[in-house]
Amino acid sequence: VWTGNAQELIKSGICDISTVIGCRDDIMAYLMKMDVEPSAAFKIMESVRKGKGLTEDMKATMKAHNVPDWYMDSCLKIKYMFPKAHAAAYVTNAFRIAWFKVHIPKAYYAAFMSIRADEFDSESMLYGKERVLAKMNEIDTLGNAAAPKDKNMYPILELVLEMNERGIDFLPVDLYKSTVNKFVVEEDGIRPPFSSLTGFGEVDANKLVEAREKYGTFSSIEDMTIKAKLGKAAVETLRLSGCLDGMPRSEQMDMFDLL
């Protein structure tokens, strides 16, 4: 619809944004304006919007009603078209999202991270803008040699940096406050979920939250490990993130606790 089609027509001055084919409705409205019968205009519109092009009879009908060649050529390049109402709905939704980003930014960033941030990296995103910038510089330095995962991560890093620059920070992942996979808005910032921790998947996150809901609190790391049925790697990830700070290793006092 746009690339190699409407874009080139506008650049060359053949038509402008008001006359170019943008939505499927435009075709039927234009053809009826050129005195093409409504039923014929509808059939042409349906054929074009489905990517089926124009039959010889359709071309003949259009030529008989002085439809210019550039218009028919444009129709032949189209593979699929949205209705105008669909496009309007997209724009309306974009305004809503933009309103939240400006006026209730924590809600915007929390929703985006929960829904769209598939390549979230806790090691470079949860600990302030210096870490974010360092990771961005690392990816920039690699250029085309950067891994696909890092390239996909870059827009998320940009958004986290923007968030930090606006004075919004991530709170620590918390054993009793974090959810399985939703970033939660709190007064002092945004609380990341367990699944945002690199190396801590949703399976372990679900087991931990279920154990928390069932038992309330954990008396020690060992107690949590047994009740949530977590493996050593998952427990180590929680420890490195600071989730287990201040929690005793087990129910039994060892010699180090006495020193």
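## Charge and basis of the model

The protein chain carries 33 positive and 38 negative side chains, and the centres of these two sets lie 5 Å apart; Lys and Arg are counted as positive and Asp and Glu as negative, while His and the chain ends are not counted. Each charge is placed at NZ of Lys, CZ of Arg, CG of Asp or CD of Glu.

This is a predicted model, in which local features need pLDDT of at least 70 and side-chain atom pairs count only at pLDDT 80 or more, whereas totals for chains, interfaces and linings use all residues. Residues are numbered from 1 along each chain as its sequence is written, and side-chain values use heavy atoms, with hydrogens and water left out.

## Overall form

The protein chain contains 14 helices and two strands, where helices (H or I, at least four residues) and strands (E, at least two) are DSSP runs numbered from the N terminus. The radius of gyration of the protein chain is 28 Å, well over the 18 Å that the globule rule gives for 259 residues, so the chain is more spread out than a compact globule; the radius is taken over C-alpha atoms, and the rule is 2.2 Å times the number of residues to the power 0.38. Along the principal axes, the C-alpha atoms fill a box of roughly 100 × 40 × 35 Å.

Of the 259 residues, 37% count as buried, a term that means under 20% relative accessible area, with exposed meaning over 50% and partly exposed in between (1.4 Å probe, protein chains only). The accessible surface of the protein chain comes to about 15,500 Å², of which 55% belongs to carbon and sulfur atoms; these areas come from the Shrake-Rupley method with a 1.4 Å probe, and for residues only the protein chains shown count as cover. Among contacts (heavy atoms within 4.5 Å) with a separation of 6 or more, 53% are between residues 24 or more positions apart.

## Helix α1

In helix α1, the residues Asn5, Ala6 and Leu9 are buried. They cover an arc of only 65° around the axis, which puts them on the same side of α1, the arc being that of the directions from the helix axis to the C-beta atoms. What covers these buried residues includes α5.

The face of α1 turned away from the buried side carries the exposed residues Thr3 and Lys11. Lys11 belongs to this helix, which spans residues 2-11, and has a relative accessible area of 64%. The C-alpha atoms of Lys11 and Glu213 are separated by 61 Å, the two residues being 202 residues apart along the chain. Just after α1, Gly13 takes a positive phi of about 80°.

## Positive phi in two loops

Most residues other than glycine have a negative phi. Asn66, in the loop between α4 (56-64) and α5 (69-77), has a positive phi near 60°, and with a relative accessible area of 62% this residue is exposed.

Lys229 likewise has a positive phi, of about 55°, although it is not a glycine. This lysine lies in the loop between α12 (221-228) and α13 (232-241), and Lys229 is exposed, with a relative accessible area of 63%.

Asp223 is placed in helix α12 and counts as buried, at 13% relative accessibility. When residues up to four places away in sequence are not counted, Asp223 touches Thr217, Phe218 and Glu251.
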